[in-house]
Amino acid sequence: MPQPSRSPPRSALGSLVLIAALVGVVGAAFAYTAGWLAPGRLTPDRLVDSLAPPGGPALGFRRNHAKGICVTGRFEANGAGAALSRAPMLAQGSFPVLGRLNIAGPNPASPDASVPVRGFGWRIAAPDGQEWRSAMIDPPVFPVATPEDFYALQQAAGSGRPERMQEFAAAHPSFGAFVNWIRTAPKTASWAETRFNGLNSFTFTDAGGTARVVRWSLIPAAAPVPVTAEQLGQRGPDFLRQDIVERLRTGPVRWTLAVTVAEPGDPTADPTKPWPAERRTVEVGTLVIDAAQPEPEGACRDLNFDPAVLPDGMGTSDDPFPAARSSAYAKSYDRRTAEVEEYRRATGGGR
Amino acid sequence: MSGTTIAGAARFTPAQRALHWAMALCILAMLFIGVGMVSTIRPIYLVMVAIHRPLGIAILVLALVRLLLRWRHGAPPLPAGMPEAMKLAARLSHYAFYALMLALPLLGWAMLSAAGYPATMVGGWALPPIMPRSATLHSVLWGAHHYLALAFFALILLHFAAALYHALVRRDGVFEAMAPGGLPGHAPGRVAAE
């Protein structure tokens, strides 16, 4: 290394050691922040990895709720929601909707009857470009209270050892309510007859600046026709898709969007805990679906129904799930968009 | 000895120096937030994302201002005694810094556009998309944003090491040309006189 003649070598060596140490400290701080030195940190990569089946994920597909169909329609806001939030799509009017009806699990080829949980992701767009995205499921409670517990549940379920699941259930009493719902709740043979629940809480802020914590649900206009698990098992593997396509031939499918407002002391941070039934609930409009598209051709495939994409007037609450879901959904999105060629081939070959 | 140092008056202008240090803070924060946010699922994830997007655009705007100042005022000449290889490295690193300061925010913005995410700045206000919706484009832009950001941090470490080397070992006034504030005890003029 060239040294100016006036620099005494002794102090230069000390300076070089100091420089190396300073650069090392900054580099180490960066590596720590990035999680490279923290193998125990629950990163979105680890969370998304935990969703994969033993044979690995279906490339190009969502890492969870992998099987679904795109739907389009509109949200007809009745204006009642404007009292809760200044979000533009809660003012009276009609706003375009892009959605995706789906079933849970990482396998896009699962027979519909084999999966107990159904989902509905949607995006309502306002004329000014603001968006309200949400992804809802049909259980009335979530199986776990925290994202860390969700990861532990995936690990127990993926271990292939029944005693791990028994240990998990024993250590997480709220999990029992979810299992009980799967075992006992009446099933239907249609997404159109399914009630979807947001489960996570969010903050709505009105035009005057008053904030309230809320949850939302989609209540089907079609009367639920209960069917037994045995009856569902006799149907074809894609009966949900066939049903919705058939219904849309004769007219739109509707759900009422109902927003429930928490009272002080309600468990806003814990989606395993329902709020008391008498809580104020405001019907803010109707979600109308009038067309469906197969996922490979539909606009929903490459859209992330990230629950943290919210308009002004809506925000996250103390519920830790929307942040965890946003982080994990982004990871799932990054991975599947990198595998888009795989998806095209897999679907093209199968149909 | 004057040939090995920068003359006392040859410093970056006060505006250039102020912008350099303000942007150094912003860019370091940006890179730490970037790697921090993609490695956590905790609620701070959303806080970091909400800072990352507008801060990136702020850096883009500041980088454009800085580029204009550089065109207008130039840079102090490097000491004549500096080896040619070091001079070349210094010049190339400046090109790389300007390229990355401009490219990384644009890549981030384009990546959000290709994915159909709103590029939310503050409140409900978002920047318009600058790229058509495309999974393939998103993937390419994501990769470029990710790896160039890591390269940017590596370049900053090199720059940091080089600045300290000039300040502590060569003591040739190169560090002082960009140092904040007035000329301290290590002023190039004084060093040159020693």
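Helices are taken here as DSSP runs of H or I of at least four residues, and strands as E runs of at least two. On this basis, chain B of the predicted model has 6 helices and 2 strands. From the N terminus on, the order of these elements is α-α-α-β-β-α-α-α. Chain B comprises 194 residues, of which 33% are buried. Among the contacts in chain B with a separation of 6 or more, 70% are made by residues 24 or more positions apart.

The interface between the two chains brings 38 residues of chain B into contact with 45 residues of chain A. On the side of chain B that touches chain A, at least two residues each are supplied by α1 (14-37), α2 (44-73) and α4 (135-170) of chain B. The most is given by α4(B), with 14 residues. By residue class, the side of chain B that touches chain A consists of 23 nonpolar, 10 polar and 5 charged residues.

The largest nonpolar core contains 99 residues. Members from both chains are found among those that touch the most other members, namely A:Met89, A:Phe95, A:Ile124, A:Leu287 and B:Met111. Within chain B, helix α3 (residues 84-115) gives the most to this core, with 10 residues.

With neighbours within four places in sequence left aside, A:Ile124 is in contact with A:Phe75, A:Met89, A:Phe95, A:Val97, A:Glu131 and A:Trp132. Of these, A:Met89 and A:Phe95 are also listed among the core residues that touch the most other members.

How values were computed. Residues numbered from 1 in each chain as written. Chains lettered and ligands numbered in written order. Predicted model: local features only at pLDDT ≥ 70, side-chain atom pairs only at ≥ 80, totals over all residues. Contact = placed C-beta atoms within 7 Å. Nonpolar A, V, L, I, M, F, W, Y, C, P; charged D, E, K, R; others polar. Buried ≥ 20, exposed ≤ 12 C-beta atoms within 10 Å, placed from the backbone. Core = buried A, V, L, I, M, F, W, Y, C linked by C-beta atoms within 7 Å.
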